[in-house]
Amino acid sequence: MSYATKIGSIEIRNPLILASGILGTTYSTLQRAYEAGLGAVITKSIGPRARGGNPNPSVFALQEIRSLINSVGLANPGYQSFRHDIETLIENQIPTIVSIFGENISEFSEVLDGLKDLPILGFELNLSCPNTDKGGVQIGTDVDAVYNIVKTLKDRTNLPLWVKLTPNVSDMIEIANAAVKGGCDAIVAINTLKAMVIDIQTKQPILGFKRGGLSGSAIKPIGIRYIYDLYENLDEKIPLIGVGGIYRGEDVIEYLLAGATAVEIGSAIGVAYPENMIRFITMKIRKYMKEHDFSSIAEITGGAHK
Ligand SMILES: Cc1cc2nc3c(=O)[nH]c(=O)nc-3n(C[C@H](O)[C@H](O)[C@H](O)COP(=O)(O)O)c2cc1C
């Protein structure tokens, strides 16, 4: 029984990947998550220059629905300062995908050019951060911008490019097809959904930035629907990576059946030490594979379409 999975040319030891942003940008926390049993890690989204965060509080737990709302936005140290952390991850043999963002093609190109000589697995393009006024929000909702950025970056590197989509659009398939036409190597869905939470005693929004993005269990059925629809409707079949609300092995299996070849785990790793959770997820997937006579992850992928 093989637990490895292939996302285009990339092979990883299992289908569980750390989602971008959850453990910040320090290599030691990413290393710990990998050593807990993940197949690969994705860094926090890195832009051209250091950028401060939104006012606190920027993360709030919605315990009753096992979800988070955050307005962390695109806070990051800038690619030049972050290079050293990526080098350390690589020295420690940690399969690393670097998430990058920019406010336009030239900023995306600058970050890509500044990091593309590193032996990373590939880049994930964050076109979808809903927490800032500029950047992701416009790019990820505009078909032409998505095509142009993906095409431009694809021409500048041979490294795989994954495109992470925002669910905050009226037609995600159209955006995904623009990314496919631009030459992306995989589609990642989904990023957080636009959301808000108000304290009824103070009568004020709880987040310092007022508005935020929802993640965790509440968004899982939405992520599943997107992966299912993408699997059926893309102009060309390319690997899909499911993200949104994964806490248990059952959630991973559901994403695989919808059509994913791998998954990313975010909020669940942000609220608990990863070791036990990843062990439980892995045990459940192995048990399921045995019970249902699957000998590889690829055999599970897309099973709900048959
Ligand atoms: C605190 C926090 C920070 C995040 N930062 C980023 C980021 O920098 N780049 C990005 O593409 N997604 C970011 N995300 C979105 C996650 O990668 C993921 O798409 C989303 O949380 C849904 O997955 P989950 O339900 O497993 O958390 C962030 C999410 C959270 C909760």
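In which strand does Leu68 lie?

A: Happy to! Keep in mind that this is a predicted model. Leu68 belongs to strand β6, which spans residues 67-70. With a relative accessibility of 14%, Leu68 falls under the 20% limit, so Leu68 counts as buried. Leaving aside residues up to four places away in sequence, Leu68 touches Val59, Phe60 and Ala61, and also Gly213, Leu214, Ser215, Ser267 and Val271. Leu68 and Ser217 are 149 residues apart along the chain, yet 8.8 Å separates their C-alpha atoms.

One of those contacts takes us to the ligand: Ser267, which Leu68 touches, is among the residues that come nearest to the ligand, together with Lys44, Ser45, Lys164 and Gly245. Several distances may interest you here. A side-chain N or O atom of Lys44 is 2.7 Å from an oxygen atom of the ligand, and for the side chain of Lys164 the corresponding distance is 2.8 Å. Gly245 takes part through its backbone, where a polar atom is 2.7 Å from a ligand oxygen. On its own the ligand has 610 Å² of accessible area, and the protein covers 96% of that.

Now for the backbone. Most peptide bonds are trans, and most residues other than glycine have a negative phi. Against that background, a cis peptide bond links Asn56 to Pro57, with omega about -10°. Pro57 sits in the loop between β4 (40-42) and β5 (59-62). A further cis bond runs from Ala189 to Ile190, with omega near 20°, and Ile190 is in the loop that lies between β10 (186-189) and β11 (193-196).

Lys203 has a positive phi of about 60° and is located in the loop between β12 (198-199) and β13 (204-205). Its relative accessibility is 63%, so Lys203 counts as exposed. Lys210 also has a positive phi, near 70°, and is placed in the loop between β13 and β14 (211-216). Lys210 is partly exposed, with a relative accessible area of 43%.

To finish with the aromatic rings, the count comes to one pair. The ring centres of Tyr288 and Phe294 are 6.0 Å apart and their planes meet at 25°, so this pair is stacked. Both Tyr288 and Phe294 are buried.

Notes:
Residues numbered from 1 in each chain as written. Predicted model: local features only at pLDDT ≥ 70, side-chain atom pairs only at ≥ 80, totals over all residues. Heavy atoms only, no water. Near = heavy atom within 4 Å. Polar contact = N/O pair within 3.5 Å; in protein donor to acceptor, adjacent residues only side chain to side chain. Areas by Shrake-Rupley, 256 points an atom, 1.4 Å probe, with all protein chains shown as cover. Helix = DSSP H or I, 4+ residues; strand = E, 2+ residues; numbered from the N terminus. Buried < 20%, exposed > 50% of the residue type's maximum accessible area, 1.4 Å probe, protein only. Contact = heavy atoms within 4.5 Å. Phe/Tyr/Trp six-rings, centres within 6.5 Å; stacked < 30°, edge-to-face > 60°.
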